[in-house]
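Student: Could we go through this structure together, starting with how its terms are set?

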Amino acid sequence: MPIEDPKIVAALGELGVTYIPGQPLSELTSLGVGGRTDLLRIRNFDTLPKLVALLARAGLPWKFLGGGTNVLIEDKDLSWLVLQLDPARAELHFNGETVEVPAAADLGRTVMECAKRNRGGMEGLIGVPGTVGGALRMNAGAYGTEIGSYVRALRLYRAGGGGIETLTSHEVRFDYRHTSFAPDDIMLSVKLALPEKPYGEILERIKVCNEKRRASQPLKEKSAGCIFKNPPGGSAGRMIDELGLKGHRIGGAVVSERHANFFVNRFGATADDLLRLIDDVRERVRRAFGATLEEEVIVWKS
Ligand code: EPU
């Protein structure tokens, strides 16, 4: 959606927002799909309440994008703007056993920076692509580690009326790939409490997780990680594999031969190809196993 009023563009500048008209979201997502819209990059998150009020007054709908690694966006022209925190402002601040991390920080880099300060615990998350904010939103997890276990407090912007708030870990529920945040809450920063561990020991664990991941996931292809959540007590990947669906293709979207719960954009897939593949696989799993798989990837339709 283009911003047509030059007064709004000028006001964005005053709020320290970088305005990028007609940004193809396919360039900002790991799946490599997503249509064009105007992108607003926020340099100072204290201005968020004013920015949201400005957009509301102008009748401009928006969505917030994190690292773009767990989202499937329609590829036509989009009817909302996209807000994103500027990743350049993502310095970590250590203080004893805690570290304050901006939401726009890269998750893998954060795990490494903490390791260098002998702070461990999050090694399993090393290969999870995306930002710390995105990981918090959905309580990202891998190899027995979930980020929610290390949260002491966090700052967020509540579009639903509260402004910028600080919550302690007791005020947030972190479940399997699910949290109690509202869909329009925007993570701003988090204070993590991490156990002390020797750097060498953390690196060893990181190496093991990286090797496991390389062996079992299609890391070199365009994907959004696992497409479906695992049903209670089951494995979406195993069920899809058992149905012989590895390599199954709709348009340019393919069920990965390496991990059946990864759908990859191999041949210039459209968002529609991916959505059709999701529905097709879900239906086959439902018929064969009686289980309805729920998407893990977040789908944005106009
Ligand atoms: N399996 C198959 N065929 C496949 C894939 C898996 O038989 O094609 C079997 C495996 O052999 C294993 C079981 O299914 O016995 C589980 O597989 P895996 O260990 O790969 O874990 P997963 O449950 O498929 C979860 C997370 C991943 C995370 C890994 C490692 C979900 C939806 N997925 O995958 O997270 O990296 O564990 O901890 O919870 C993501 O969230 O996007 C993601 C990729």
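Tutor: Helices (H or I, at least four residues) and strands (E, at least two) are DSSP runs, numbered from the N terminus. This is a predicted model, in which local features need pLDDT of at least 70 and side-chain atom pairs count only at pLDDT 80 or more, while totals for chains, interfaces and linings use all residues. Residues are numbered from 1 along each chain as its sequence is written, and side-chain values use heavy atoms, with hydrogens and water left out.

Student: OK, how many salt bridges are there?

Tutor: If a salt bridge is a side-chain nitrogen of Lys or Arg within 4 Å of a carboxyl oxygen of Asp or Glu, the count comes to 19.

Student: Which residues are linked with Arg-158 in a network?

Tutor: Arg-158, Glu-165 and Asp-185 are linked in a network of salt bridges. The closest N and O atoms are 2.8 Å apart for Asp-185 and Arg-158, and this pair links distant parts of the chain, since Asp-185 lies in strand β14 (residues 185-193) and Arg-158 in strand β10 (residues 151-158), 27 residues apart. For Glu-165 and Arg-158 the closest N and O atoms are 3.7 Å apart.

Student: And is Asp-185 buried or exposed?

Tutor: With buried meaning under 20% relative accessible area, exposed over 50% and partly exposed in between (1.4 Å probe, protein chains only), Asp-185 counts as buried at 5%. Arg-158 is partly exposed at 22%, and Glu-165 is partly exposed at 25%.

Student: What about Arg-276 and Asp-273, where do they sit?

Tutor: Both are in helix α7 (residues 271-289), and because they are three residues apart there, about one helical turn separates them.

Student: Switching topic, how many residues does the largest nonpolar core have?

Tutor: A nonpolar core is a set of buried Ala, Val, Leu, Ile, Met, Phe, Trp, Tyr and Cys residues joined through side-chain atoms within 4.5 Å, and the largest one has 56 residues, with Leu-40, Leu-51, Ile-147 and Leu-192 having the most contacts inside it.

Student: Which residues does Leu-40 touch?

Tutor: Taking contact as heavy atoms within 4.5 Å, and not counting residues up to four places away in sequence, Leu-40 touches a list including Ile-3, Tyr-19, Leu-51, Leu-81 and Gln-84. A second, separate core of 26 residues includes Ile-250, Val-255, Ala-260 and Val-285.
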